[in-house]
Amino acid sequence: MKINTINLKEKIKEYKPKLKDNSIAQYIRMLNKLKDIDISNFNNVKDFLKDKKETFKKNVCIPFLNYANIYKLDYIKEIEDYIKELNVKYNKIKLEYKKTKKEENNWLDWNEILNIRKKLYKQVRSFDIHKKEKTKLNGQEKNILKKYTILSIYTYLPPRRLEIASLVKINKKDYDKLIENKSELKDNYLVIKNKSNMFFSYNVYKSNRIYDNQTIQIPKKLMKILNLWLKFDNGCNYLFATNKKQMSSNTLSKFINNIFLPHKISVNMLRHIYITSMVDVEAEKQKDKMAFLMGHSKFTQSQYLRK
């Protein structure tokens, strides 16, 4: 028995109606990893996963659990128990605050990340991309500016996930019309009032049920870089596009990886590097220990704080 992909999107949507389309797409991508596996027995799935990373195992098993529920497979409890085991291992690793082998081999300090941005800035200047009289870019120049712009977004502001792939450019007046009816905020936006007044509006992202619409003010230095990028964007609706179509998260992920070569640094690792540079790890360990001994979560612990 193999994974049944016929009308899979619709079946997942019916089973989990609140699941976002991009999450459903991710579910289907991960289920396709099992397309050649005989899923009549869960041991076959575990054999396929045994040499894979813990995160990959989780990313496959959670969609597969939903698939098993949809098609009423007879080993649902086995999948649930396996996921619980994965969570225990994963949480234990996280609480050690240790780099993985891959992270250890590719890690850069935050200052080294900023130095890469400086190098890209020097390239922008060496090609005269920043000059007013420059009106057209060749492929190499466009790629340099794109790298500089994307890395600037991830470094002048705390790095988010891959939401910037879907940023839609919109003027402030049109955005205000959408704001009147929040149900119309169906995208992530770069809102432009004028060259010196812009902000990001995030509505489609992993934790939007917690934070809802997020408006992020853009620092002046980043605004200057965005204005330079906008000068050469050829009137496309999206801030970053592929053949005038919305850039996919996967495309953005590969593009970011390319910025840091020969180091293999993903957005996820970039976020780890940023937080590591900003947070006292020993203090976090102490918080974990205190939360464990007091029998509550770190979130609950933060609510007990008083000044």
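Biologist: Which residues of α2 meet which residues of α4?
Modeller: This is a predicted model, and in it Y27, M30 and L31 are the α2 residues in the contact. Across from them, α4 brings F56, N59, V60, I62, P63, F64, N66 and Y67. By class, the contact comes out at 9 nonpolar, 2 polar and no charged residues.

Biologist: How do you know whether α3 and α4 are roughly parallel or antiparallel?
Modeller: The axes of α3 (residues 42–49) and α4 (residues 54–70) come within 10 Å and cross at roughly 155°. Angles over 145 count as roughly antiparallel, and therefore that is the label for this pair. The crossing is right-handed, too.

Biologist: Which residues do α3 and α4 use to meet?
Modeller: On the α3 side you'll find F42, V45, F48 and L49, and they meet F56, K57, V60, C61 and F64 in α4. That contact has 8 nonpolar residues, no polar ones and 1 charged one. Notice that F56, V60 and F64 of α4 turn up here, and they also belong to the contact with α2.

Biologist: What would you call the arrangement of α8 and α12?
Modeller: Those two pack at an angle of about 100°, with axes 10 Å apart. With the roughly perpendicular range at 65 to 115 degrees, α8 is therefore roughly perpendicular to α12. From α8 come N143, K146, K147, I150, L151 and Y154, and they meet L252, F255, I256, N258 and I259 in α12.

Biologist: Now for the second largest pocket: what is its volume, and which residues are closest to its centre?
Modeller: Its volume is about 590 Å³. It is lined by 17 residues, and H130, K224, I225, N227 and L228 are the closest to the centre. Elements giving two or more residues to the lining are α7 (110–126), α8 (139–156) and α11 (220–231).

Biologist: Which element gives the most to that lining, and how do its residues divide by class?
Modeller: α11 does, with 7 residues. Taken as a whole, the lining of the second largest pocket has 7 nonpolar, 3 polar and 7 charged residues.

Biologist: Where is the cis peptide bond, and what is its omega?
Modeller: The bond joins L261 and P262, and omega there is about 10°. P262 sits in the loop between α12 (249–259) and α13 (267–278).

Note on methods: Residues numbered from 1 in each chain as written. Predicted model: local features only at pLDDT ≥ 70, side-chain atom pairs only at ≥ 80, totals over all residues. Heavy atoms only, no water. 1 Å grid on protein atoms, 1.4 Å probe; cavity = no way out; pocket = protein on both sides within 12 Å on 5 of 7 lines; lining within 4 Å. Points joined across faces, edges and corners; volume = space filled by probe spheres on them. Helix = DSSP H or I, 4+ residues; strand = E, 2+ residues; numbered from the N terminus. Nonpolar A, V, L, I, M, F, W, Y, C, P; charged D, E, K, R; others polar. Axes fitted to C-alpha atoms, helices over the stretch in contact; angles between N-to-C directions. Parallel < 35°, antiparallel > 145°, perpendicular 65-115°, else oblique. Left-handed = near helix turned anticlockwise from the far one by under 90°. Contact = heavy atoms within 4.5 Å.
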